[in-house]
Amino acid sequence: MIVSSNQRDHDPISDVLTRFQHDAVLDYYGRRLATCSSDKTIKIFEIEGENHKLTETLRGHEGAAHPKYGNILASSSYDGKVFIWREQNAQWAKVADFNLHHASVNIVSWSPHESGCLLACASSDGQVSVLEFNEGNWLHVIFLAHGQGVNGVSWAPAMVPGSLVSSKPDLAAQRRFATGGSDCLVKIWDWNREDNTYTPTTSLEGHTDWVRDVAWAPTILQKSYIASASQDKTVRIWTSDPAHPNEWKSTVLTFEAALWRVSWSLSGNVLAVSGGDNKVSLWKENLKGVWDCVKWIEE
């Protein structure tokens, strides 16, 4: 039975939030929530309106875990490991584990499903690994991305921006992602199909401190958008058009605290920004190309 949170003295989500939380991710439909905590567990909740129930607690990491939620779940941890979990018959089980990194794996990111079953993993050891499930086997490539550590990774949409409105659309799924590092850089990586390698095609400069997070907007209309959040108290929104895919211009949003996370809405037109001051702000581009803050959320 799902019990409303405001009808219990001890509701499970409130109990979870009394611990130090590292991440929380809803599934695509907003019906399931995965949280990860410094108690080394991942908790999965079923959500229905204002009601919720704890359905599963996953253990196995030796440090705090980061989940990313889909029909399978990936988690990473300070222990340098990445686990893949799968639900079968309402039970979650670990189906694969990887120990490729020598330091904390800070974040993991699933690719768009059109690109294949791919998981990018960003680590403090300076490397990015890309795991691929293909014909029943897990394959991987690993490479140095940012020498001082990688803090964020985000996949581009599978379709090239402008494809839907082009007279000659390129409908082939691309494999492309952005990374942010402690070297203050944002880098863009493209896949070479012939030798299954990822090479940096663009390095975006502008931040003056660690890049804590990057988020590539899921829009496939006229432009590409990448948001980067930094310890330097700024968010940069990088834009590129299909005619010049390796040329990027940035708009700077300035805040009063260091920034930790950026996240786009599913439509790719609203950007959420969170920082060290426990505030969340929502931003939207107006018709003149200026980014306006449309809402502040404070604790």
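Colleague: What do β3 and β4 form, and how many residues lie between them?

Modeller: Bear in mind that this is a predicted model. β3 and β4 form a hairpin, with three residues between them. In that turn, K40 has a positive phi of about 70°.

Colleague: What makes β3 and β4 a pair?

Modeller: Pairing takes at least two bridges. Strand β3 (residues 32–37) and strand β4 (residues 41–48) are joined by five, so they qualify. The two run antiparallel, and R32 faces E46 of β4 across the pair.

Colleague: How many bridges link β4 to β5?

Modeller: Eight bridges, again with the strands antiparallel; β5 covers residues 51–59. T41 has R59 in β5 as its bridge partner. β4 and β5 also make a hairpin, this one with two residues between the strands. G49 sits in the turn with a positive phi of about 65°.

Colleague: Why is H101 called buried?

Modeller: The cut-off is under 20% relative accessible area. H101 comes out at 5%, so it counts as buried. Its place is in the loop between β9 (91–98) and β10 (105–110).

Colleague: Which side chains make polar contacts with the side chain of H101?

Modeller: D125, at 3.1 Å, and S129, at 2.8 Å. The limit is 3.5 Å between N or O atoms, and both distances fall within that limit. Beyond its sequence neighbours within four places, H101 is in contact with residues including G80, C121, Q127 and I142.

Colleague: And G181, is that buried or exposed?

Modeller: Buried: its relative accessibility is 0%, and the label needs a value under 20%. G181 is in strand β15 (residues 176–181). Its C-alpha atom is 5.3 Å from that of V211, 30 residues away along the chain. Setting aside neighbours within four places, G181 is in contact with H146, G149, V150, N151, W210 and V211.

Colleague: Why are C117 and C293 called partly exposed?

Modeller: That label covers values between the buried limit of 20% and the exposed limit of 50%. C117 is at 27%, so it lands in that range.

Colleague: Which residues have the most contacts inside the largest nonpolar core?

Modeller: V235, I237, V262, W264, L271 and V273, in a core of 16 residues. The elements giving two or more residues to this core are β19 (224–230), β20 (234–240), β22 (259–264) and β23 (270–275). A second, separate core has 15 residues, among them L118, A120, A122 and F177.

Colleague: What does V262 touch?

Modeller: Not counting residues up to four places away in sequence, V262 touches D213, V214, A215, A227, A229, V235, L271, A272 and V273.

Colleague: How many helices and strands does the protein have?

Modeller: One helix and 25 strands. Of the 299 residues in the protein, 47% are buried. The accessible surface is about 15300 Å², with 48% of that belonging to carbon and sulfur atoms. Among contacts between residues at least 6 apart in sequence, 43% join residues at least 24 apart.

Key. Residues are numbered from 1 along each chain as its sequence is written. This is a predicted model: local features need pLDDT of at least 70, side-chain atom pairs count only at pLDDT 80 or more; totals for chains, interfaces and linings use all residues. Side-chain values use heavy atoms; hydrogens and water are left out. Helices (H or I, at least four residues) and strands (E, at least two) are DSSP runs, numbered from the N terminus. A nonpolar core is a set of buried Ala, Val, Leu, Ile, Met, Phe, Trp, Tyr and Cys residues joined through side-chain atoms within 4.5 Å. Buried means under 20% relative accessible area, exposed over 50%, partly exposed in between (1.4 Å probe, protein chains only). Contact means heavy atoms within 4.5 Å. A polar contact is a pair of N or O atoms within 3.5 Å; within protein, one must be able to donate a hydrogen and the other to accept it, and residues adjacent in sequence count only if both atoms are side-chain atoms. Accessible areas come from the Shrake-Rupley method with a 1.4 Å probe; for residues, only the protein chains shown count as cover.
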